[in-house]
Amino acid sequence: MTADPVSLLRSMIEEAGRIVFFTGAGISTESGIPDYRSPGGLWTRMQPIPYQDFIASEDARLEDWSRRFMMQAVFSEAEPGKAHTFMADLIRQGRASAAITQNIDGLHERSGVSPDRVVALHGHGTFSRCLGCGERAELDDMQRIVDETGLSPRCETCGELHKAAVISFGQALSEQDLHKAINYSSDCDLFIAVGSSLQVQPAASLPLVAKQGGARLALVNGEETPLDDLADCVIHGQIGPVFDALAENE
Ligand code: NAD
């Protein structure tokens with residue numbers, strides 16, 4: 001008799017020694033943060049601002065900041081969901097090594113995962129960094145500067161532009177983060193991708209890296225992904241209820 005997919009994933013988790021989680025926007029929709037395609041979502045109403053435009057134009061920078069402040073208001077209202085909490089528990093117990101994420105909402109860290117166990121491939125929408133010296137600044141302080149001066153903020157130390165710490169269109173991913181993600185993926189025995197359409201790089205290749213390293217692959221998503229045929233376990237369903245069911249026997 002074949003086990004139902006949730007029971008199968010539960011037993012795969014019990015048998016695993018080193019789990020790696022990979023997450024996309026779908027893990028945060030039940031926390032109130034729309035994914036890219038949700039009708040009327042934050043992102044569908046606006047064309048993205050490419051990195052080169054941010055560098056070249058003060059108007060583009062001010063538009064980018066006003067979007068960042070709006071998104072930060074949504075991120076700070078959101079609470080981590082069942083899946084975030086489930087992952088944080090397994091990472092704390094040492095049964096999972098990391099959460100690699102495409103998300104910029106900071107919910108893995110807020111669910112209790114130590115920042116050195118989160119690889120945020122698309123950066124962070126919850127704080128800012130100087131493009132020159134890398135100094136971190138908080139978005140509240142950036143907003144105060146924009147409100148008071150009407151200008152985009154610059155670094156107090158080196159005078160270069162500040163920018164929300166996200167990877168914008170046209171901006172390269174961090175080599176260091178990419179290496180970390182590849183290392184975690186090749187050194188696990190179970191790779192669980194949650195809430196990602198697995199259609200863009202490097203999301204589409206990390207499950208393959210894990211598979212090539214001998215790991216089993218599990219996918220939890222509301223719709224099909226291009227890697228479903230390759231996976232050892234596929235669950236098509238709402239993420240919250242799936243992780244509620246998984247957590248029942250934990
Ligand atoms: P994606 O490619 O990761 O797709 C999200 C997937 O999740 C879709 O297949 C969707 O059907 C599924 N999904 C959504 N809600 C679900 C639920 N409750 N249960 C089960 N499945 C669910 O992500 P995207 O939306 O195409 O976004 C692309 C990029 O945009 C992200 O990688 C990220 O950089 C950025 N983004 C980030 C956030 C965030 O930080 N929370 C949100 C939106 C977009």
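Tutor: Ile100 stands opposite Val119 in β3. Strands here are DSSP runs of E with at least two residues, helices are runs of H or I with at least four residues, and both are numbered from the N terminus. Before we go on, this is a predicted model: local features need pLDDT of at least 70, side-chain atom pairs count only at pLDDT 80 or more, and totals for chains, interfaces and linings use all residues. Residues are numbered from 1 along each chain as its sequence is written, and side-chain values use heavy atoms, with hydrogens and water left out.

Student: Okay. How many bridges join β2 to β3?

Tutor: Three, and the two strands run parallel. Two strands pair if DSSP finds at least two bridges between them.

Student: What order do the strands of the open sheet have?

Tutor: The order is β3-β2-β1-β7-β8-β9, six strands with parallel pairing. β3 (118-120) and β9 (233-236) stand at the edges with a single partner strand each, so one side of each has no neighbour in the sheet. The twist averages 15 degrees from one strand to the next. Angles run from 0 to 180 degrees between N-to-C directions, with axes fitted as lines to C-alpha atoms, for helices over the stretch in contact.

Student: And what holds strands together in general?

Tutor: Strands of a sheet pair through backbone hydrogen bonds, either parallel or antiparallel.

Student: Let's do β1. Which of its residues point which way?

Tutor: Ile19, Phe21 and Thr23 point one way from β1, Val20 and Phe22 point the other way, and all are buried. Buried means under 20% relative accessible area, exposed means over 50%, and partly exposed is in between (1.4 Å probe, protein chains only). Five of the five residues of β1 (residues 19-23) are buried, so the strand is largely enclosed by the rest of the structure.

Student: What are the bridges from β1 to β2 and β7 like?

Tutor: β1 pairs with β2 (residues 96-101) in the parallel sense over five bridges. Val20 has Ala98 as its bridge partner in β2, and Phe21 stands opposite Ala99 in that strand. β1 and β7 also pair in the parallel sense over five bridges, with Phe22 opposite Ala193 in β7.

Student: How many residues of β2 are buried?

Tutor: Six of the six, so β2 is largely enclosed by the rest of the structure.

Student: What about β8 and β9?

Tutor: β8 (residues 216-221) pairs with β9 in the parallel sense over four bridges. Val220 has Ile235 as its bridge partner in β9. Helix α9 (residues 239-247) packs on the sheet there, touching β7 (190-194), β8 and β9, and its direction makes about 130 degrees with that of β8. Contact means heavy atoms within 4.5 Å. Ala218, for its part, stands opposite Cys233 in β9.

Student: Why call β8 largely enclosed?

Tutor: Because five of its six residues are buried.

Student: Switching topic: Leu107. Buried or exposed?

Tutor: Leu107 is buried, with a relative accessible area of 0%. Its place is in helix α5 (residues 107-110). Not counting residues up to four places away in sequence, Leu107 touches Ser28, Ser31, Ile33, Ala78, Glu79, Pro80 and His84.

Student: And the whole protein?

Tutor: The protein has nine helices and nine strands. Of its 250 residues, 46% count as buried. Residues 24 or more positions apart account for 69% of the contacts with a separation of 6 or more. The C-alpha atoms fill a box of roughly 65 × 35 × 30 Å, taken along the principal axes.
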